[in-house]
Amino acid sequence: MRDKHVFAYLYLLGCLLPSLRKAITASEFKLDGDYLIGGLFDIHHVSGAYPHYKPEAITCAREQLILSSYRRFQVMRFSVDEINNSTNLLPDVTLGYEIFDHCSDIQNFPGIFNLISDNKFIYPLEEMSKNVSKVIAVVGTYTSTETLTVAPLFMMDLIPMVSYGAASSAFSRKQIFPSFLRTVHPNKDVIEVVYNILQNFNWRWVSFLYSEGDYGKDGLDLFMKKIKDTEICLAYTKGLDKNTEHSLLFKQLEAQRVNIIIVFAPEWTAEALIKAAIKQNVTNKVWIAGDAWSLHMQLPKENGIRNIGTVLGVAEPKIAIPGFNDFIFSSKAQPQHDNNSEEMFCNQVCNCPDVTAEDIINADPSFNFPVYSAVYAIAHALHNALQCGTGRCNKPVSVQPHV
């Protein structure tokens with residue numbers, strides 16, 4: 001049987017980051033508990049291709065910090081802390097977590113292998129009755145492309161993967177993603193709202209700008225199907241990435257006399273577009289923002305933002321999470337220290353000591369409640385599996401991820 005085992009020697013990928021062990025709170029990425037939940041958050045983001053000359057893991061902490069994603073990361077920590085302090089949900093049972101910074105679509109596999117392993121071994125061919133993973137479920141990932149890349153590894157052993165942001169239509173296919181769940185609206189719901197906005201204002205000559213990737217291309221495909229056989233005409237489309245020449249894009253929009261611009265892209269892509277529009281003195285347009293950037297907190301503060309026209313946004317309801325702000329202030333008040341005595345696994349460090357509690361609280365709150373809901377969905381499922389009642393759970397019950 002041992003020749004069937006896939007050895008996951010993750011250290012060969014250069015995952016230990018001794019130079020980045022400084023200035024990290026011990027409980028930020030790891031927490032012990034009776035049952036472990038995995039977490040995948042793109043706290044940092046790699047924009048574009050990452051040059052490398054040998055197989056190696058990317059060091060996320062060197063990349064651009066995404067403050068809204070760091071906030072979502074903290075929401076997961078808060079949710080677990082709240083559940084552990086509850087006397088009703090999972091009484092006398094503690095949840096733990098192991099979270100990874102998932103900053104790249106294709107170079108974050110060490111963290112995934114860590115989550116699906118058991119004592120550093122991966123058993124893809126073992127019977128379902130055996131423990132095949134260190135985690136009972138995983139919260140994440142954020143984007144559709146990230147999720148499409150890593151989800152098959154979790155589906156292999158039916159490990160529940162509860163995404164808080166992956167909205168692509170592909171994940172509705174249960175025969176391919178049997179243990180995938182999500183707490184966010186799929187793209188078709190957002191496109192439906194966009195379509196209703198166009199109908200309500202009788203806008204017929206529109207453009208659709210989308211991010212190059214599974215999320216954006218799925219949105220474009222759904223939109224084109226939605227407006228088929230209607231009076232709405234798609235006058236211009238353009239995929240956006242870090243190399244987009246915005247000045248040429250705006251000239252093409254002017255040439256087509258398009259004033260209605262739908263932007264279906266993540267916040268970092270939309271941010272670059274809107275800042276370029278301000279710089280290029282684009283005026284009197286109607287911008288329809290998808291839910292991935294409609295609640296962006298910094299763009300409304302940009303000088304000249306009012307000149308670009310009117311911005312309408314499609315967004316999930318902004319739901320306050322009681323106690324979260326207090327948790328952040330308390331967490332940030334804890335002294336940070338060197339972890340020289342502890343081997344930190346790759347991409348389990350933020351390296352962002354300048355981020356304050358106020359920065360986190362004032363960050364874009366998009367997809368915060370879906371993170372909160374994802375953790376609670378897992379906790380309630382475990383509560384039922386352990387046959388928990390008043391004040392106690394049936395701990396001798398064996399709980400596997402697929403149960």
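Tutor: Contact here means heavy atoms within 4.5 Å, buried means under 20% relative accessible area, with exposed over 50% and partly exposed in between (1.4 Å probe, protein chains only), and helices (H or I, at least four residues) and strands (E, at least two) are DSSP runs numbered from the N terminus. This is a predicted model, in which local features need pLDDT of at least 70 and side-chain atom pairs count only at pLDDT 80 or more, while totals for chains, interfaces and linings use all residues. Residues are numbered from 1 along each chain as its sequence is written, and side-chain values use heavy atoms, with hydrogens and water left out.

Helix 3 itself has twelve residues and spans 15 Å from its first C-alpha to its last, close to the 16 Å expected at 1.5 Å a residue, the expected span being 1.5 Å times one less than the number of residues. Its buried residues are Ser144, Thr145, Glu146, Thr147, Val150, Ala151, Phe154 and Met155. An α-helix has 3.6 residues a turn, so residues three or four places apart point the same way.

Strand 3 (residues 35–41) runs parallel to strand 6 and is joined to it by seven bridges, whereas strand 2 (residues 30–31) pairs with strand 6 in the antiparallel sense over two bridges; strands pair if DSSP finds at least two bridges between them. Tyr97 of strand 6 stands opposite Ile37, and Leu31 also stands opposite Tyr97.

Leu95 deserves a separate word. Setting aside residues up to four places away in sequence, Leu95 touches Leu31, Asp32, Gly33, Tyr35, Ile37, Val80, Ile83, Asn84, Leu90, Ala379 and Leu382. Leu95 is also named, with Phe41, Met76, Leu90, Val139 and Leu386, among those that touch the most other members of the largest nonpolar core, which has 50 residues; such a core is a set of buried Ala, Val, Leu, Ile, Met, Phe, Trp, Tyr and Cys residues joined through side-chain atoms within 4.5 Å. At least two residues of this core come from each of strand 3, helix 1 (67–84), strand 6, strand 8, helix 8, helix 9 and helix 10 (368–385), and helix 10 gives the most, with eight residues. In soluble globular proteins, nonpolar side chains tend to be buried together.

Asn347 is found in the loop between helix 8 (324–333) and helix 9 (357–361), and Asn347 counts as buried because its relative accessibility is 5%.
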